[in-house]
Amino acid sequence: MSKQKQKAIDQDILAVQKPEEKEYSTLNLGPTHPATHGIFQNILKMDGEIIVEAEPTVGYIHRAFEKIAEHKPYNQITPLTDRLNYCSSPINNMGWHMTVEKLIGATIPKRAEYMRVIIMELARISDHIVCNTVIAVDTGAMTGFLYLFQWRELIYEIFEAICGARLTTNIGRIGGMERDFSPVAWAKIDKFLKEFPAALREFDSLVTRNRIFMDRTIKCGPVSAEMALAYGFTGPNLRAAGVDYDVRVANPYSSYGDFDFKIPIGTGGDVFDRYMVRHEEMWESMGIIQQAIKNMPDGPFHGDVPDFYLPPKEEVYNNMEALIYHFKIVMGEMDVPKGEVYHAVEGGNGELGFFLVSDGARTPYRLHFRRPCFIYYQAYPEIVKGGMLSDAILTMSSMNVIAGELDA
Amino acid sequence: MDKQALLTTIHDQLKAKFGDGLVSSHLDYDFPVFILQRESLIEVMRFLKEDPELNFHFLTTLCTIHLPENKGKEFCMMYQLHNMAKNYRIRLKIFVSQNDTVVPTATVLYPAANWMERQEYDFFGINFKGHPNLKRILNMDEMNYFPMRKEYPVEDGSREDKDDTMFGR
């Protein structure tokens, strides 16, 4: 090599800049980027395709639910909870009903609790279908998404047959369920239980062991157990990191103690583990629904809480007491004990908690939602730092950040 | 350990270690609640987190409650800690005056407190001393009031097309 050439190479080496002298580019990802599946803005500092720093901006669909809830009677808050994690609104509804039931000390008959379990597990399956198929879409596999979304549609038809609504369900009432499952609902649940396993297995064989999918997801966006706990992770994201915490087991609510199910956990906390945990949870949820149907007790589908539960219409027209209760409930004039309760349910994304302060008035004095998304999304900059932009997109979909829950 | 035993155990330990730092304790539904002095909050949390037996390693949630009638202690901060392995859950509370809304930050112990405290700053104007990035999070940066305080009505008071006085709070 000539001396001149060697000198040129040396100069080239010297020309590699130190990090502090480097020029970075700023990329504004969002708020309405098609790959983020929701309204999220991330201001990324990029070195080529590597993310150096990320700064998320949240609050684009903030609707002040905590403030609105301070001005609404208890039964009118249920529709607000629908809009938190709108991929699994029945779980939010049930969580809210159970919080109020805890406050007023109502006992709920077994049948209502089993019905709630069926609805909540269906909602969990639909939530996980969204998350897992979207992970597949972000790695380039559109087919699985189209196949499984048919079954999500069937779940929505079941909700429609039970309560009349599909996405924002307002399902159940304080004290139980608003009505028993109709024969149509039972037929649809049966159809779902019979035919969904084949579809899920097909999706599994299509995606899980696919070489491209595995290469894209394994070791992508890893979260250690320590980091997950420090940042307040709960739900599938925490379990993927290897911590076996599930509210359904730790603090069983709504008769979850009666069912036999496993808590799948991962080891690496990467995108693949999060995907697998959700996938296995769908199978466990199927098992819970089957057990609930098999052991479904007879009896009433709502508890004896006349202050909160609307009496049947024939009663209202023919019975003075029922008319009075009907009026009081509709006008929101119920007697509520004073107190502070916290109740948590295992939502699609983790521990969904309701902290309710009552001063005895017709509306809550203060209602605070513990929204799992809001708490774990703050770890996102830490996770994507040093990774590729395409991995950041994948990490976000695998964490299942739902804008409604993030912003409340 | 049941809730009552947990309450007495922690009460005795805190009383022995922090004396007047612990104001009182009681059981509220299924939660042992400990009311603390603001000055000893972080030290109590550190003790609860690092004690090998109690080991409250997880901050479930924190929130503010505005109590305008409670003169001198208008704001209540609530923290919920969790020990997942033994499934212990407790609630800590401190009270601060509206003239002095400074609360020490819990981010030194729990990184998860970062956004939660920003949210409480955003809505109630609690100043978390030592917080790494205390700015508004859900509301716009230009907002010049703290909307979750009780003095702000949910709707614009100048509206005349709605008359809700009969059903208002």
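Biologist: What makes A:Glu121, A:Arg124, A:Arg239, A:Asp246, A:Arg248, A:Glu281 and A:Glu346 a network?

Modeller: In this predicted model, these seven residues of chain A, A:Glu121, A:Arg124, A:Arg239, A:Asp246, A:Arg248, A:Glu281 and A:Glu346, are linked by salt bridges. Side chains of opposite charge can pair when their charged atoms come close.

Biologist: Why is the pair of A:Glu281 and A:Arg239 called a salt bridge?

Modeller: The closest N and O atoms of A:Glu281 and A:Arg239 are 2.4 Å apart. The cut-off is 4 Å between a side-chain nitrogen of Lys or Arg and a carboxyl oxygen of Asp or Glu, so the pair qualifies. The two residues belong to distant parts of the chain, with A:Glu281 in helix 12 (residues 271-294) and A:Arg239 in helix 10 (residues 236-240), 42 residues apart. Both A:Glu281 and A:Arg239 are buried.

Biologist: How do you know that the pair of A:Arg366 and B:Glu120 joins two chains?

Modeller: A:Arg366 lies in strand 6 (residues 366-370) of chain A, whereas B:Glu120 lies in helix 3 (residues 113-124) of chain B, so the pair joins two chains. The closest N and O atoms of A:Arg366 and B:Glu120 are 3.7 Å apart, and the limit is 4 Å, so this pair is a salt bridge.

Biologist: Why are A:Arg366 and B:Glu120 called buried?

Modeller: The word applies under 20% relative accessible area. A:Arg366 has 1%, so it is buried. B:Glu120 also stands at 1% relative accessibility and therefore counts as buried.

Biologist: How much area do chain A and chain B bury between them?

Modeller: The size of an interface is often given as the accessible area lost when the parts come together. Chain A and chain B bury about 3900 Å² between them, 57% of it on carbon and sulfur atoms. A:Lys67, A:Glu340 and A:Tyr365 supply 17% of the area that chain A buries against chain B, more than any other three residues. The contact takes 49 residues from chain A and 46 residues from chain B.

Biologist: Which polar contacts and which classes of residue are found there?

Modeller: There are 21 residue pairs in polar contact across the interface of chain A and chain B. On the side of chain A that touches chain B, strand 4 (residues 339-346) gives the largest share, four residues. By class, that side has 25 nonpolar, 10 polar and 14 charged residues.

Biologist: What is the secondary structure of chain A?

Modeller: Chain A has 18 helices and six strands. Of the 408 residues in chain A, 56% are buried.

Conventions:
Residues are numbered from 1 along each chain as its sequence is written. Chains are lettered from A and ligands numbered from 1 in the order in which they are written. This is a predicted model: local features need pLDDT of at least 70, side-chain atom pairs count only at pLDDT 80 or more; totals for chains, interfaces and linings use all residues. Side-chain values use heavy atoms; hydrogens and water are left out. Contact means heavy atoms within 4.5 Å. Buried area is the accessible area (1.4 Å probe) that two parts lose on being put together, summed over both. A polar contact is a pair of N or O atoms within 3.5 Å; within protein, one must be able to donate a hydrogen and the other to accept it, and residues adjacent in sequence count only if both atoms are side-chain atoms. Ala, Val, Leu, Ile, Met, Phe, Trp, Tyr, Cys and Pro count as nonpolar, Asp, Glu, Lys and Arg as charged, and the others, Gly among them, as polar. Buried means under 20% relative accessible area, exposed over 50%, partly exposed in between (1.4 Å probe, protein chains only).
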